[in-house]
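Open the structure in your viewer and keep the selection panel at hand.

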Amino acid sequence: MIKPLETIKSLLPHRPGRAEGQQAGPAVRQRKKRPKWVKVTAVSLAVVLLLAGGGWYALSRLTASDAEEGSAYTTAEVTRRDITSTITGSGTLEAANTYSVTSLVEGTILTAAFEEGDEVEEGAVLYTIDSSDASSSLEQAQISVDQAQRSYDSMLEEQEDLVVRSTIAGQVVSLEVEVGDEVTAGETIATVRDSDTMTLTVHFPTDDADAFYVGQSASVTLDSTFETLTGTVSEVSSVETVLTGNRIVRAVTIEVRNPGGISTTQTATATIGGVGSSDSGTFAYSDEETITAKLSGTVASISAGEGDYVSRNGAILTLTSDDLDDQIQSAYESLENAQLSLENQSEQLDNYTITAPISGTVIDKYYAAGENTEANVTMCTIYDLSYLTMTLSVDELDISSLSVGQTVTITADAVEDQTYTGVVTKVSVAGTSSGGVATYPVTIRIDETDGLLPGMTVDAAITLDSAEGALTIPSAALQRGDTVLFTADSPSAAGAESVTEEGYVSVEVVTGTSDDSYTEIVSGLQEGDVVVYIPTSSSDDSGFAMGGMPGGGGMPGGGMGGGPGF
């Protein structure tokens with residue numbers, strides 16, 4: 001009996017994964033095989049076309065031919081066995097770390113105290129190269145830095161002169177500029193006067209003056225008011241002067257605290273130790289200074305105006321100077337460039353001593369002491385052999401099953417009867433695609449490496465799952481929708497409703513672990529059931545003609561293929 005096209009399709013096996021014609025990657029998971037029904041589908045479609053076009057004669061010829069050829073189906077009993085699911089692949093071993101030591105300078109090699117095969121520690125000196133020229137350049141660079149530093153410091157000192165300060169403590173009696181005025185170097189800015197203390201210089205007979213001393217108390221009498229003030233001797237001149245009447249005298253200066261009414265127009269006499277002065281003297285301010293600008297610039301701000309009191313070194317006003325700012329910036333940049341040059345020369349000098357960048361074994365040594373080397377050439381190669389790594393390319397269908405920390409079994413053809421243990425250290429998400437199939441690199445680390453060397457090709461197997469004494473069927477017997485056909489005399493057939501006309505029973509199963517040949521059945525079948533299926537073979541990949549299908553002709557029940565009972 002010929003069934004409709006929908007019925008034929010429903011009995012075809014499910015074929016998950018990549019499209020036909022795509023190739024598997026180097027790491028292959030041993031997973032369940034599904035029957036290949038492509039040709040059956042083609043035949044079924046041909047049958048429908050023949051029905052639609054009235055091709056009953058050709059169809060009957062095809063069915064008859066199949067019946068003469070014999071059944072393409074086989075049976076297998078559901079049995080228990082141990083089953084393991086693995087991903088396998090191969091790769092090339094690499095050192096944990098590899099470093100090619102390169103010379104950055106040229107010159108004569110002075111020392112190279114190591115040989116191929118030596119173990120070296122990170123930081124150990126490998127080569128020393130003649131650095132006499134570099135040392136001279138370093139000294140010159142240091143001199144340039146010192147000169148630039150002095151120039152910059154000098155500019156900063158000049159910048160401090162933009163703040164005009166008083167050289168004495170006193171009152172600002174005149175201010176010659178305003179904010180915004182342009183001043184030049186040497187121009188008068190202000191006059192500061194100390195009027196709190198007045199000085200009086202008078203003459204005393206030489207014989208009496210010889211007994212006077214600085215700090216001695218004196219009495220000062222104002223000529224105009226005859227008011228008496230107390231003063232202190234601040235200076236006794238050693239120079240004798242002759243006054244009228246041939247009087248030989250010396251000048252004595254007395255400081256008097258100004259009560260507020262003494263001016264430079266007033267005169268007074270003095271008495272020291274009971275000796276009166278030979279004449280009167282005129283008062284003078286104890287200190288008065290004219291403040292000038294040391295630099296040219298523009299008045300930016302005034303700190304002390306006329307009438308204000310300023311202390312010694314107190315600020316009167318502040319100037320700004322674009323020219324000086326430019327000079328300071330230029331001096332700073334010159335200093336920076338000199339320092340960078342010194343650093344470069346220092347680093348350049350360091351390059352004449354070549355040290356090991358990693359700990360490891362010297363694999364190749366290309367230069368020896370006494371030879372000349374050029375810049376940017378490889379001097380030697382170091383391998384870190386503390387452990388080895390390999391990269392496995394894993395198919396996109398299997399990559400989600402792997403994770404960091406999984407154990408890997410390693411074997412090598414170069415080391416017979418030896419198995420090594422590795423561990424997955426990285427599962428990359430950066431895949432590459434070729435022929436429509438994506439693969440992902442998985443890094444594996446091997447710590448116990450006795451007998452293994454970088455460059456060797458090894459095989460890797462990663463166990464995903466396993467089951468002992470599992471109920472299994474051939475993987476080819478599992479059809480689309482996880483259904484299985486089994487014979488009506490199987491133990492699980494009792495009371496089954498889904499029975500084909502040929503007497504086969506279709507049941508949905510729950511699967512578990514699978515390997516290259518068998519699939520675990522968790523539920524749906526029991527031990528002793530007999531499944532019916534078309535075994536996978538290389539003949540499935542060949543074409544077919546209307547006269548018959550390779551690998552099978554007539555089937556139980558007179559079906560055309562794709563499942564019993566068609």
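Accessible areas here come from the Shrake-Rupley method with a 1.4 Å probe, and for residues only the protein chains shown count as cover. This is a predicted model, in which local features need pLDDT of at least 70 and side-chain atom pairs count only at pLDDT 80 or more, while totals for chains, interfaces and linings use all residues. Residues are numbered from 1 along each chain as its sequence is written, and side-chain values use heavy atoms, leaving out hydrogens and water.

Select the whole protein chain. Its accessible surface is about 29200 Å², and carbon and sulfur atoms account for 46% of that. Of its 566 residues, 37% are buried (under 20% relative accessible area; over 50% is exposed, in between is partly exposed; 1.4 Å probe, protein chains only).

Now colour by secondary structure. The chain has six helices and 34 strands (DSSP runs numbered from the N terminus: helices are H or I of at least four residues, strands E of at least two).

Next, select β21, β7, β5 and β23. In that order they form an open four-stranded sheet with antiparallel pairing (strands pair if DSSP finds at least two bridges between them). β21 (353-355) and β23 (372-373) are the edges; each has a single partner strand, so one side of each lacks a neighbour in the sheet. Zoom in on β7 (residues 125-129), which pairs with β21 over three bridges. V125 is opposite T355 in β21.

Last, select T449, in the loop between β28 (437-446) and β29 (457-474). Is T449 buried or exposed? T449 counts as buried because its relative accessibility is 17%. Leaving aside residues up to four places away in sequence, T449 touches Y387, L388 and Y420 (heavy atoms within 4.5 Å).
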